[in-house]
Amino acid sequence: MIRLEHVTKKYGDVIAVNDFSLEVSRGEVCVLIGPSGCGKTTTLRMINRLIEPTSGRIFVNGDDISQIKPERLRQSIGYAIQSVGLFPHMTVAANIAVVPELLGWRKERIARRTEELLRLVGLNPKEYAGKYVSQLSGGEAQRIGVARALAADPPLLLMDEPFGAVDPLTRQRLQTQFVRIQQELKKTIILVTHDLDEAIRMADRIAIMQAGRLVQYDTPEVILSKPANKFVLDFVGTDRALKRLSRIGIGKFVKPAPSVKADASIREVMLAIGGCHSVWVLDEDDRPIGWIDAASIHKEATVGELIVRGDTDEISVVNYATLRDALSRMLGLGFKCIPVVDERKRFIGEITLGDVEAATVEVEENHA
Amino acid sequence: MTIRQRFTYDSVAITGSIIGLLSIPLGWLTLKPNRLAAGTSLTMWESFGAEGTAIITALWLVCLGLSLFGKKRWHVISLGIVLNLIFIITFVLAGANASRLLANEASFARVSLSAGIWITSLGAYISIFSCRQGLGNSLAWQNLISWSGLAILAILLGVGWLNNLSVVTEFIEQEARFRQELANHVVLFTSSVVAGALLGIPLGMWATRSRHAEKPIFFIANILQTVPSLALFGLLIAPLSALSFAFPALREWGIRGIGTAPAIIALVLYSLLPIVRNTYVGLTQLDPAIIDAGLGMGMNRSQVFRRIELPLSAPLVLEGLRTASVQAVGNATVAALIGAGGLGWFIFQGIGQAANDVVILGALPIIGLALVVDTTMRLVVKVATPKGMRVR
């Protein structure tokens with residue numbers, strides 16, 4: 001899909017990108033990462049000819065891009081940047097419609113597409129289409145930025161820290177949402193970031209750059225288990241094993257666990273707990289609100305006295321979280337297991353420390 | 001809450017009312033044996049009689065009371081109404097009493113407005129300004145209170161009620177000249193602002209595109225702004241008369257050392273700095289990410305300019321034009337000194353003859369003109385501001 005051949009960019013005597021070659025297959029997410037000033041953004045901007053290389057060639061779909069008119073090329077490539085760059089004098093709908101309009105789409109088609117995209121990024125079209133940028137939160141603006149990049153359904157997307165300008169929590173949500181959208185759309189994406197966790201979470205392949213050169217280009221698993229040199233090793237850090245866990249979703253490790261409603265009788269609790277150490281207590285909406293230890297149960301006690309209460313968000317993990325999230329949550333709380341909830345915070349089962357351990361061993365074996 | 005309400009007062013309106021009350025012991029009308037003589041200043045009592053004095057004093061006391069006790073809606077509205085009444089009654093009485101005073105005098109005698117009337121008007125409009133702010137939620141009341149006094153004054157002028165006041169007499173005697181100089185003034189400032197925009201906007205754009213151009217452009221524009229206007233007019237006399245002497249054909253275009261051409265050239269040079277500066281700021285304040293996004297999505301340079309840079313910088317560029325226009329209305333006054341005419345002609349004529357009423361005949365319309373230009377341009381700026389940037 002995309003091939004960079006010996007691309008070099010010099011600014012006077014300064015070499016920003018040095019003999020850089022890379023190939024990205026169709027439908028893959030390639031993350032360019034490295035310390036600031038390593039040339040990753042320059043590389044990205046050469047692909048849509050916002051910057052012209054000093055030497056070397058770049059091919060998109062087998063065509064040499066230097067032979068394509070820059071405007072035509074850019075209209076065929078989605079582009080999302082860190083500061084979003086939404087146009088403040090246009091509504092959300094008009095912002096999304098920019099490229100389709102440049103391509104001369106008919107009005108009805110643009111309107112349909114805008115609505116579709118707003119739904120895709122999880123915003124209500126009726127509510128958001130007419131809003132202006134000044135009325136959006138940072139996270140909403142970044143989602144619109146992504147929707148705008150996807151507007152003309154380009155097969156290729158260039159993203160420069162697309163989730164850079166929001167708080168860590170929102171960023172994680174946007175990343176998760178984006179991974180899901182990508183599973184559906186299967187675009188070819190080149191994404192620039194300096195955040196290793198983001199790279200590991202989103203990339204099919206990671207390209208690590210140092211001083212304008214490509215140091216290692218491989219899947220996140222290989223990068224984490226077999227760093228090519230000292231630079232990569234230092235860059236990925238000493239918690240590589242832990243980072244690998246953030247590649248694995250907890251979905252397949254969730255298993256059923258005993259639970260009771262908060263208004264259950266002591267008999268029901270004893271029945272539910274069976275041979276287990278504890279039972280999760282749910283409110284009327286099935287949200288975990290605490291647990292009861294098997295050891296604390298005795299006939300005279302009431303259920304209300306026995307519940308160890310906790311906040312749903314703190315004592316549970318959501319089902320699209322990673323093993324790393326689950327592990328850090330369990331360690332933080334001192335739990336050997338933790339309830340898993342769906343997006344609407346409803347209890348669906350639990351995940352145990354043992355499962356995480358088993359998964360780690362499995363990952364080690366696969367890449368040993 | 002009730003305690004707070006009892007102690008809210010309107011400090012600006014209080015200031016206005018105190019100014020109004022202080023105007024009462026001053027002279028209100030001046031009776032002069034002829035238009036150039038010093039004349040005798042008459043107190044309010046002598047000018048308006050006992051009833052007039054009582055009414056105006058009482059109304060000012062009501063204003064002070066209203067502005068001291070409360071900022072409730074009905075307070076503000078009744079304060080505004082009383083202030084307009086003061087303004088209207090003052091001029092009704094001034095017109096009537098001018099006629100009364102002149103009835104016993106020789107035909108050369110004149111009656112002029114004195115400090116008391118000017119200061120009462122000033123106090124009234126300071127308080128009216130405060131009422132206007134207080135009625136921010138009701139455009140109808142706001143406009144009614146701001147404009148009704150002035151509208152009635154215009155009617156009084158129109159029906160000839162004020163014809164015996166010296167300023168109006170001067171106007172009637174020189175009406176043709178007044179119209180001509182008013183037209184001159186309008187031509188002077190509009191043509192110089194239009195030319196300033198045609199020159200300044202491209203210069204401002206050039207300054208944003210080229211680093212080499214930026215420094216000299218601002219250097220020159222800044223220097224021009226600091227030269228006193230009279231000096232700039234004077235400085236242009238020598239080169240322009242040399243030019244017209246060398247190329248007599250130019251004289252047919254009005255290019256001479258004195259007259260309209262040098263005046264407009266000087267006014268254009270003055271208008272450059274605000275226009276160039278605002279164009280430059282308007283374009284450079286744009287978030288570079290917005291331009292980058294536009295280019296990155298496949299707009300060409302002219303599409304980026306038309307769809308992004310132009311609409312987003314228009315409000316600031318027009319704001320620069322507003323500053324330049326208001327400034328040009330004022331500066332055009334001085335143009336009278338180099339024979340370009342304009343309302344300044346009356347001011348300098350009046351100063352020369354020590355005829356204050358002639359000075360006022362020139363000065364008041366200039367102030368009015370500046371206010372009208374300012375209001376109009378503010379409206380233009382508002383209309384040109386894209387909707388997304390008005391929502392906050």
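**Helix, sheet and interface**

Helix α1 of chain A (residues 40-47) lies across β3, β7 (156-160), β8 (188-193) and β9 of chain A, and runs at about 150° to β8(A). Keep in mind that this is a predicted model.

Q: What makes β3 and β9 of chain A a pair, and which way do they run?
A: Pairing takes at least two bridges. Strand β3 (residues 29-33) and strand β9 (residues 205-210) of chain A are joined by four bridges, so they qualify, and they run parallel. Across the two strands, A:L32 sits opposite A:A207 in β9(A).

Q: Why is the sheet in chain A called open, and what is its strand order?
A: The order is β6-β7-β8-β3-β9-β10, six strands with mixed pairing. At the edges stand β6 (77-81) and β10 (213-218) of chain A; each has a single partner strand, so one side of each has no neighbour in the sheet. From one strand to the next, the twist averages 15°.

Q: How many residues does each chain bring to the contact?
A: Chain A brings 21 residues and chain B brings 19. On the chain B side, α12 (288-296), α13 (301-331) and α16 (387-390) each supply at least two residues.

Q: What makes up the side of chain B that touches chain A: how many nonpolar, polar and charged residues?
A: That side splits into twelve nonpolar, four polar and three charged residues. Gly counts as polar here.

Note on methods:
Residues numbered from 1 in each chain as written. Chains lettered and ligands numbered in written order. Predicted model: local features only at pLDDT ≥ 70, side-chain atom pairs only at ≥ 80, totals over all residues. Axes fitted to C-alpha atoms, helices over the stretch in contact; angles between N-to-C directions. Contact = placed C-beta atoms within 7 Å.
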